[in-house]
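Hi everyone, thanks for making the time. Let me put the structure up on the screen, and then we can walk through it together.

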Amino acid sequence: MPSAIRLAGFVVFAAMGWVVSEMIIPLMPEGTNPGGFSIYNAILGAILGWVMMKPAVARSPSGPLGAGITTAVAIVVWGLFFYALAEMIKQSMRMRYDGPVEAVVNIFQIMMEYGVMIAAPAVIIAIFVFGALGGWFCGAVAKRWP
């Protein structure tokens, strides 16, 4: 059901997905085509902001900052998972795996590689600041328009 909190989470975390993605693009290996990287992450941020913030703020009106940081970290983890899954599918089409178990295990190895690649201090700070500000904003919206 649409609500002001869901809309606030949608907008703030879509913006977070976009801004953090733009910060990550220069960290990618030389020659990498980012394509729709920022757009996909903005969509992921919007979906998770819509889904996660309303129940979290409604459950704990005193802790929207934590809910915002949790949502921001969830966006990063799900983003890493989806990009690792896409890379695994690309590699499996090139017959790089001996079996399906090796392919599934490699998803998590790729996630770790991508996680190390984006672990720049500015990116980490931006994720936590956006999460805290997004949580604070959703909490303020929840008080104003319950």
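I'll start with the overall fold, then turn to one helix pair and then to some aromatic rings.

First, some ground rules. This is a predicted model, where local features need pLDDT of at least 70 and side-chain atom pairs count only at pLDDT 80 or more, while totals for chains, interfaces and linings use all residues. Residues are numbered from 1 along each chain as its sequence is written, and side-chain values use heavy atoms, with hydrogens and water left out.

So, the overall picture. The protein has 5 helices and 0 strands; helices here are DSSP runs of H or I with at least four residues, strands are E runs of at least two, and both are numbered from the N terminus. The C-alpha trace spans about 55 × 30 × 20 Å along its principal axes. Of the 146 residues, 40% count as buried, meaning under 20% relative accessible area, with exposed being over 50% and partly exposed in between, using a 1.4 Å probe on protein chains only.

Now, how do helices H2 and H3 cross? The axes of H2 (residues 37-59) and H3 (residues 64-93) come within 9 Å and cross at roughly 140°. Axes are lines fitted to C-alpha atoms, for helices over the stretch in contact, and angles run from 0 to 180 degrees between N-to-C directions. That makes H2 oblique to H3: under 35 degrees is roughly parallel, over 145 roughly antiparallel, 65 to 115 roughly perpendicular, and the rest oblique.

Which residues meet there? Among them are Leu-44, Leu-48 and Met-52 in H2, and Ala-74, Trp-78 and Phe-82 in H3, with contact meaning heavy atoms within 4.5 Å. The contact divides into 15 nonpolar, 7 polar and no charged residues; Ala, Val, Leu, Ile, Met, Phe, Trp, Tyr, Cys and Pro are nonpolar, Asp, Glu, Lys and Arg charged, and the others, including Gly, polar.

On to the rings. The structure holds 5 aromatic pairs, that is, rings of Phe, Tyr and Trp (its six-membered ring) with centres within 6.5 Å; planes under 30 degrees apart are stacked, over 60 edge-to-face, the rest tilted. Phe-10 and Trp-50 pair edge-to-face, at 6.1 Å centre to centre and 85° between the planes. Phe-10 lies in helix H1 (residues 4-24) and Trp-50 in H2, so the pair ties together parts 40 residues apart in sequence. Phe-10 is partly exposed at 38% relative accessible area, and Trp-50 is partly exposed at 28%. Finally, ring pairs link Trp-78, Phe-81 and Phe-82 into a cluster.
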